[in-house]
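Please keep the sequence and the model in view while reading.

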Amino acid sequence: MSIRYIEDTRQLLLETDSTCYQMKIDNLGYLQHLYYGLKIGENDLNYPYRLYDHGFSGNPYDMRDNRAYSLDALPQEYTSFGVGDFRVSSIAASCSDGSRCAEFRYESHEIRSGKYAIPGLPSVYDNGDTVDTLVVTLIDTAANIRIRLYYGVFEELDIITRSAEISNAGQETVWLRKASSMCLDLPFGGWDLIHFHGRHCMERQFERTPLFHGIQTVSSGRGMSSHQHNPFVILCSHDATEDDGFCYGMMLMYSGNYKIEIERDQFDSTRVVMGVSDDRFRWELSPGTSFHTPEIILTCADGLTRLSHRYHRVIRNNVIRGQYKLGSRPVLINSWEAVYFEQRQDKILSLARQAKDLGIDLFVVDDGWFKNRNDDNAGLGDWVPDERKLPDGLDGLIGKINEMGMRFGLWVEPEMVNEDSELYRMHPDWALTAPNRAPMMARNQLVLDLSRDEVHEYIYHTMAELLTRYHIEYIKWDFNRPLSDVYSHSTPSPRQGEVAHRYYLSLYRLYERLTSEFPDVLFEGCAGGGGRFDAGMLHYTPQIWCSDNTDPIARLSIQYGTSFGYPLSSISAHVSASPNHQTGRVTPISTRATVAMTGAFGYELDLDKLSEEDRADIRAQIVRYKELETLLHEGLYYRLSAPTGDSDCVVWQIVSPERDRCLLSIVVTDPPANSVPMHVQLKGLDPDALYDVGGEFTCYGRALMHAGYTFLQLTGDYPAMQVDIKKLGT
Ligand code: GLA
């Protein structure tokens with residue numbers, strides 16, 4: 001069992017192969033956090049914070065004679081509220097008597113084998129691994145609130161998951177104002193915060209700052225996990241690098257409004273509280289009901305690379321589901337950047353013929369295929385094919401593409417509606433809009449109120465009908481605006497604070513229904529590029545369109561940031577036209593392919609405009625990608641240089657789990673005036689094995705890792721190179 005209870009000291013010990021998490025039920029029944037880090041055995045840690053007067057931090061009533069004991073200083077597993085812990089709280093509520101305090105003490109615990117599930121929410125699942133669950137129940141008998149803290153311990157994966165269930169154990173309604181998934185107190189250490197900020201077309205930019213005293217927040221109130229801030233943070237020691245230095249990873253498996261609060265307090269300890277955002281949140285907890293919080297995926301490791309490898313493994317094996325999770329993905333061509341809204345049958349078929357000839361597997365018809373969709377002002381909501389653009393109907397088009405020997409995929413944006421649509425004219429109240437107020441418009445569209453059952457059913461039936469009626473093997477599910485004016489016309493006014501979260505409960509249920517009913521369809525997530533790139537969505541969509549920015553040089557930093565938490569197989573990336581449509585940058589097709597291959601690979605450009613040379617290159621790229629796909633998706637990813645800073649080139653490496661194959665990729669971002677040699681030390685190879693390096697020379701793994709590999713920098717417009725490194729023997 002990876003979870004143990006030590007009776008004498010009332011400690012609870014969670015152990016994975018290399019990490020350990022400890023807590024203790026103290027004499028007053030508070031659930032203290034003792035430790036999370038590399039394995040230390042079962043020592044009962046006697047931290048000195050219980051031994052000195054904490055000044056203006058008060059003491060629980062039972063400890064009024066002991067000024068050393070303060071909830072304001074005690075590391076805890078989940079906080080009380082309103083009773084003297086003045087740091088960021090994990091929960092807030094108002095009770096029927098108007099009081100806004102609760103003090104949670106231990107009631108019981110249970111250890112069981114297997115992984116808990118979270119009703120209505122995506123969570124990490126047991127994939128035949130050794131997984132145990134700890135449930136610790138806390139209660140406040142005055143407020144009658146019971147909290148169950150869930151811990152999932154994935155032994156071999158070095159992953160611990162957390163979630164909380166908050167229940168009303170009394171007879172009166174309680175209004176939840178905040179319900180976080182976890183509190184993690186780190187009593188000692190100075191930490192840097194790494195987070196991934198951005199904007200549309202520039203998602204998940206790496207940023208690292210030392211924590212200051214006070215509260216730092218990483219959050220989204222946009223009704224989507226957002227382009228602006230990914231729900232994933234890393235705390236690492238100031239000296240942490242890719243290879244060394246201690247790092248904690250904290251990832252929220254949720255796609256809606258969230259908040260991660262990181263507080264460095266007066267005693268230099270650090271608290272992280274994360275979960276559904278409490279902004280505009282208010283949840284009616286009637287007697288006997290529970291609120292379940294989304295999952296947190298935790299790990300800790302020496303070095304950022306090891307931390308990323310753990311996330312890649314758990315997301316690939318225990319988050320993503322379905323037949324595409326590990327298997328090969330089709331190389332696709334998406335029609336968006338080739339024709340935009342002009343999705344006409346003759347042009348599509350011409351592109352499809354070219355695509356087939358080049359070796360592409362699947363053709364995706366993007367936005368513009370349905371009635372009145374000639375620009376982004378109309379049509380969303382009415383998912384009926386436009387007969388003017390598709391004279392043989394969608395059926396006819398798919399038939400012709402299938403006859404060519406290619407599979408067919410379709411773009412949809414089912415959560416949205418245009419005012420100019422039949423759906424909106426019939427059901428204006430199905431959109432999220434506040435009474436007596438003109439709503440914010442974005443891309444001329446409104447968001448459907450998925451918290452309503454009839455809206456959920458409408459979307460479900462529309463999608464199920466499309467997937468039943470037509471031979472569609474891939475869906476790109478888009479989401480092109482944030483949620484604003486969040487008001488449901490079918491929810492009583494005191495409960496409007498539930499709508500944003502109910503939206504996601506309904507969306508997840510919708511995805512669950514559709515993915516289980518149509519298990520052969522590959523669903524790709526998208527939200528104006530990577531605006532909803534999170535572990536919640538990855539539970540339903542094995543890959544997500546990483547960014548609307550397809551410029552390979554811009555993609556270097558986008559994909560670099562994304563790689564800290566998410567596996568390459570989840571990062572959808574396409575070779576597009578040059579000059580690039582977003583940035584105007586000119587790049588060679590080999591560079592575009594080198595970058596796009598570091599993901600779920602595809603194309604998105606007008607194939608009718610290709611030169612013979614490009615055509616030959618694309619043919620070769622597809623053959624090469626197919627040969628490399630297993631390595632690219634199952635290999636261990638090493639970031640050898642960052643796209644930020646003063647490096648002239650970005651270098652990364654992918655090594656097979658058996659260490660018998662390695663792909664080194666180099667993109668020159670700032671070509672030097674004269675070719676100068678560059679030097680990189682490779683990682684992750686077998687030190688004793690002899691490798692063939694790009695067919696040029698042979699070298700032992702230890703030499704490539706310590707002495708390094710030297711290459712002449714290429715000059716020109718952002719050139720790239722890939723070096724195949726193959727094991728010959730030991
Ligand atoms: C979003 C997507 C694009 C494309 C357009 C279509 O921006 O990210 O890839 O599908 O919508 O409107």
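A residue is called buried at under 20% relative accessible area, exposed at over 50%, and partly exposed in between, with a 1.4 Å probe and protein chains only. By that rule R87 is buried, since its relative accessible area is 7%. The model is predicted: local features need pLDDT of at least 70, side-chain atom pairs count only at pLDDT 80 or more, and totals for chains, interfaces and linings use all residues. Residues are numbered from 1 along each chain as its sequence is written, and side-chain values use heavy atoms, with hydrogens and water left out.

**R87 and its surroundings**

- R87 lies in the loop that runs between strand 4 and strand 5 (91-94); strands (E, at least two residues) and helices (H or I, at least four) are DSSP runs numbered from the N terminus.
- The side chain of R87 reaches the backbone oxygen of D72 at 3.1 Å.

- Strands of a sheet pair through backbone hydrogen bonds, in a parallel or an antiparallel manner.
- Here, four strands form an open sheet in the order 1-2-3-4, and their pairing is antiparallel; two strands pair if DSSP finds at least two bridges between them.
- Strand 1 (3-6) and strand 4 (31-38) are the edge strands, each pairing on one side only.
- From one strand to the next, the twist averages 15°, where axes are lines fitted to C-alpha atoms and angles run from 0 to 180 degrees between N-to-C directions.
- Seven bridges join strand 3 (residues 19-25) to strand 4 in the antiparallel sense.
- I25 stands opposite L31 in strand 4.

**The ligand site**

- There are 13 residues around the ligand, of which D366, D367, K476, D478 and D548 come nearest; a residue counts as near if one of its heavy atoms lies within 4 Å.
- By class, this shell holds four nonpolar, three polar and six charged residues, with Ala, Val, Leu, Ile, Met, Phe, Trp, Tyr, Cys and Pro as nonpolar, Asp, Glu, Lys and Arg as charged, and the others, Gly among them, as polar.
- An oxygen atom of the ligand is 2.7 Å from an N or O atom in the side chain of D366.
- For the side chain of D367, the corresponding distance is 2.6 Å, and for that of R443 it is 2.9 Å.
- The protein covers 96% of the 310 Å² of accessible area that the ligand has on its own, as given by the Shrake-Rupley method with a 1.4 Å probe.

**Helix 10**

- Helix 10 (residues 589-596) is largely enclosed by the rest of the structure, because seven of its eight residues are buried.
- The buried residues in helix 10 are I589, T591, R592, A593, T594, V595 and A596.

Conventions: A polar contact is a pair of N or O atoms within 3.5 Å; within protein, one must be able to donate a hydrogen and the other to accept it, and residues adjacent in sequence count only if both atoms are side-chain atoms.
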